[in-house]
Amino acid sequence: MATTDFSPGDRITYKQLSHALAHGFSPIVEVESQDGIYTVRFHHASGVSTLTDKAGHTCTYSGTGEIRERLGELGLTHGVLTWDDQCGDEMIGVPGHAMTPEERLTHGTRIAFR
């Protein structure tokens, strides 16, 4: 992750992302699957930012194709596909714990954008 004078908050729009990338922003890209709905997060030195629309609502996608095209257009080459599924089964008493962001990235699948 390169350092830059851009310091995003917990949300970032496509336009802000484009500007930041042009000025040295180099995040780790996470594409998270939540039961077939995908969201995009950017992990960087200042924290984690979620890709949002102009109104601040999280962008959601029904597949990875549009994500691949949009992020590839900006010059991003790859990311990590993660899952935010159930971690246990309370019906039969199987305990679990929610994965940390670091665990999700570690156990995710590398994906290409272009």
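This note goes through a predicted model, point by point.

1. Basis. Residues are numbered from 1 along each chain as its sequence is written. In this predicted model, local features need pLDDT of at least 70, side-chain atom pairs count only at pLDDT 80 or more, totals for chains, interfaces and linings use all residues, and side-chain values use heavy atoms, with hydrogens and water left out.

2. Confidence. The mean pLDDT (the predictor's confidence in each residue, from 0 to 100) is 87 for the protein. A score of at least 70 is reached by 82% of the residues. Helices (H or I, at least four residues) and strands (E, at least two) are DSSP runs, numbered from the N terminus. Where pLDDT is low, the predicted coordinates should not be read in detail.

3. Helix 1. Leu17, Ala20 and Leu21 are buried in helix 1 (residues 14–22). These three sit on the same side of helix 1, because they cover an arc of only 95° around the axis. The arc is taken from the directions from the helix axis to the C-beta atoms. Buried means under 20% relative accessible area, exposed over 50%, and partly exposed in between (1.4 Å probe, protein chains only). Exposed Lys15 and Ala22 are on the face turned away from the buried side. The cover over the buried residues includes strand 1 (11–13), strand 3 (37–44) and helix 2 (65–73). Gly24 follows helix 1 and has a positive phi, near 100°.

4. Strand 2 and its partners. Strand 2 runs antiparallel to strand 3, with 7 bridges joining them. Strands pair if DSSP finds at least two bridges between them. Glu30 is opposite Arg41 of strand 3. The two strands form a hairpin with 2 residues between them, and Asp35 in the turn has a positive phi of about 55°. Strand 2 also runs parallel to strand 5, through 4 bridges. There, Ser33 has Trp83 as its bridge partner.

5. Core. The largest nonpolar core has 19 residues. Such a core is a set of buried Ala, Val, Leu, Ile, Met, Phe, Trp, Tyr and Cys residues joined through side-chain atoms within 4.5 Å. Val29, Val31, Val40, Phe42, Ile67, Leu71 and Phe113 touch the most other members. Helix 1, strand 2 (28–34), strand 3 and helix 2 each supply at least two residues of this core. In soluble globular proteins, nonpolar side chains tend to be buried together.

6. Phe113. Beyond four places in sequence, the contacts (heavy atoms within 4.5 Å) of Phe113 include Val29, Val31, Ile67 and Leu71. Arg68, Gly72, Leu76 and Thr77 are also among them.

7. Leu81 lies in strand 5 (residues 78–83). Leu81 counts as buried, because its relative accessibility is 14%. Apart from neighbours within four places, Leu81 contacts Val31, Ser33, Tyr38, Gly108, Thr109 and Ile111. The C-alpha atoms of Leu81 and Arg104 are 8.7 Å apart, across 23 residues of chain. Arg110 lies in strand 6 (residues 109–112). Arg110 is exposed, because its relative accessible area is 62%. Residues up to four places away aside, Arg110 touches His78, Gly79 and Val80. Its C-alpha atom is 9.0 Å from that of Thr82, 28 residues away along the chain.
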